[in-house]
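Q: I'd like to learn how to read a helix, its surroundings and the domain around it. Could you take me through one case?

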Amino acid sequence: MLDKHGKIERNSFLLLFLTVIVVSIGGLVEIVPLFRVETTIEKVEGMRPYTPLELAGKSIYIREGCYTCHSQQIRPLRDEVERYGHYSIAAESMYDHPFQWGSKRTGPDLARIGGKYSDDWHVAHMIDPRSVVPESIMPAYAFLARRGARLHDIDRHMRALQRIGVPYTDEMIENAYWDAMTQASNDPYEADALRSRYGDNVNIRDFDGNPNKTTELDALIAYMQVLGTLVDFKTYQEAQ
Amino acid sequence: MKKKTDKTEKASRTGPEIDKHSGVETTGHEWDGLKELNNPAPRWWLWIFLLTVIWSIWYWVMYPSWPTLSGHTEGLYGWTQHKQLKEQQAEILQRQQAYLEAFRAMPLDGIAEHEELYRFALAGGASAFKDNCAACHGIDAAGMSHYPNLNDDAWIWGGSLEDIYESIKYGIRSEHNETRYSEMPAFGADGILNRQEILDVTDYVLSLSGLAAENLRGAEIYREQCASCHGMDGRGDRSVGAPDLADAIWLYGSSRDAVYSVIYHSRNGVMPHWDGILSEDRIRQLTLYVHSLGGGE
């Protein structure tokens with residue numbers, strides 16, 4: 001048996017056939033469990049899909065490559081939990097397409113950055129990181145404060161996500177544009193409607209301090225401020 | 001290509017070819033006259049290979065490894081990362097237990113008298129400060145524009161242990177239900193005062209700390225509009241978080257433009273709350289740490 005390899009190596013079709021078999025065993029072992037992804041995602045309270053404004057912010061996060069320096073996954077290691085808070089659980093990124101876990105940490109992990117800093121701080125930090133953290137090597141993103149957020153087709157982005165399983169309702173998609181404008185406003189017109197769709201904890205305010213325009217900075221800060229704040233860990237821990 | 005297949009076939013028909021030079025079999029492969037010796041793999045290599053195979057089987061049995069349709073095999077050790085984390089946390093807690101019990105039982109103002117407990121609190125507070133507070137208050141707590149210095153004895157909301165504890169736990173103009181709250185009106189943006197009036201009152205405010213000449217019209221406006229919060233003498237009012245305007249310490253700058261801008265737009269700085277984000281022990285440690293920085297009352 002062990003010295004049959006000469007025969008296999010000399011017959012390219014046999015070699016190909018056997019290679020495919022061996023590789024598919026490895027592939028199946030890795031892929032099949034993912035069809036039963038409900039076995040890895042914890043049942044938790046509080047998770048909801050991103051609001052349209054937060055979703056626009058997430059797209060900016062990806063576009064600007066923030067993930068090349070920041071991870072969004074707190075690993076279950078003592079020092080990480082000490083610094084960043086409860087370790088990340090699978091349910092927290094179940095609506096992320098693509099997820100932003102990452103392993104490159106030039107800057108800190110951002111999985112629980114929501115609520116840690118004020119909007120003002122984020123504005124100052126994005127416009128000029130050195131103004132608040134003198135030794136920072138993070139690039140400045142001042143242009144985000146000038147550019148309008150891309151909201152005219154945010155409903156189509158949500159429709160695409162709906163098709164791959166994110167539980168956006170048709171009502172959410174129809175109202176996407178105005179929900180986004182509402183969320184970034186200091187005296188919102190349709191706050192109750194927005195809350196009825198996404199829950200009472202939605203942050204509604206003018207994130208970037210410029211009430212005249214819904215900018216990319218509004219969207220990005222709305223996204224930052226929701227990260228890691230949705231799951232109710234009190235009920236999660238009790239269930240464990 | 002054709003030629004090579006012929007040769008290989010020949011080799012397999014006539015049995016292995018022996019290399020004359022070394023006396024070792026060749027594999028029968030030939031490239032432009034170069035042939036490959038069929039030496040066996042070294043023994044040590046083979047053994048290490050077999051050992052890794054055995055080790056991997058042990059690993060499958062002892063540790064979580066194979067995915068199954070309803071999850072994965074658990075392994076005889078029952079090891080998970082989450083369990084390991086819990087054990088490590090329990091170990092640290094165990095080590096801190098000697099201090100923690102006494103620390104929790106003692107009111108904040110009693111701790112400074114117990115040298116060891118106090119050291120324990122300050123060490124915990126100092127490290128939590130770097131992780132959570134330094135981005136705003138600076139690594140040395142000296143503050144910066146918009147973010148107050150916590151080393152000095154000029155307090156906006158108060159420098160006693162209880163005051164500091166409340167500021168940290170509930171935040172200032174934060175999202176917490178019990179947050180400290182107050183709002184200075186935007187005198188210009190909301191049309192309460194016109195440009196000239198704001199210029200006058202700006203000069204008056206600056207005159208309180210000797211940065212401008214006395215302005216009588218400004219003083220009048222100040223009495224009407226500002227004294228209710230900042231006090232008749234400009235010494236501020238901690239119950240509404242209105243800063244002292246007569247000292248040399250400025251949250252938003254002492255230039256005429258900066259002061260004008262604060263009065264025109266108002267600022268209302270936000271400090272996040274830490275209740276629910278940091279543990280109660282941490283918040284108390286931070287309170288003692290901030291209090292110890294030099295300005296504690």
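Q: What should I know about the model and its numbering before starting?
A: This is a predicted model, where local features need pLDDT of at least 70, side-chain atom pairs count only at pLDDT 80 or more, and totals for chains, interfaces and linings use all residues. Residues are numbered from 1 along each chain as its sequence is written, chains are lettered from A and ligands numbered from 1 in the order in which they are written, and side-chain values use heavy atoms, with hydrogens and water left out.

Q: How many residues does helix 8 of chain B have, and what span should they give?
A: Helices here are DSSP runs (H or I, at least four residues), numbered from the N terminus. The expected span is 1.5 Å times one less than the number of residues. Helix 8 of chain B, residues 195-208, has 14 residues and should span 20 Å; its end C-alpha atoms are 20 Å apart, which agrees.

Q: What do its two ends look like?
A: At the start, a side-chain oxygen of B:Asn194 comes to within 3.1 Å of the backbone nitrogen of B:Gln196. Just past the other end, B:Gly210 has a positive phi of about 75°.

Q: Is helix 8 of chain B largely enclosed or largely open?
A: Start with the cut-offs: buried means under 20% relative accessible area, exposed over 50%, partly exposed in between (1.4 Å probe, protein chains only). In helix 8 of chain B, 10 of the 14 residues are buried, so the rest of the structure largely encloses it. Among them are B:Ile198, B:Leu199, B:Val201 and B:Val205.

Q: Which helices do those buried residues pack against?
A: Contact means heavy atoms within 4.5 Å. The buried residues of helix 8 of chain B pack against helix 9 (216-230) and helix 10 (256-265) of chain B.

Q: How do I read the domains of chain B?
A: Domain bounds come from an automatic or database domain assignment. For chain B this gives domain 1 (90-178 + 273-292) and domain 2 (195-265). Their C-alpha centres lie 31 Å apart. The contact takes 12 residues from domain 1 of chain B and 8 residues from domain 2 of chain B.

Q: How much area do domain 1 and domain 2 of chain B bury between them?
A: Buried area is the accessible area (1.4 Å probe) that two parts lose on being put together, summed over both. Here that's about 800 Å², 61% of it on carbon and sulfur atoms. In domain 1 of chain B, B:His146, B:Ile156 and B:Trp157 lose the most area to domain 2 of chain B, together 57% of what that side buries.

Definitions and conventions. Helices (H or I, at least four residues) and strands (E, at least two) are DSSP runs, numbered from the N terminus. A polar contact is a pair of N or O atoms within 3.5 Å; within protein, one must be able to donate a hydrogen and the other to accept it, and residues adjacent in sequence count only if both atoms are side-chain atoms.
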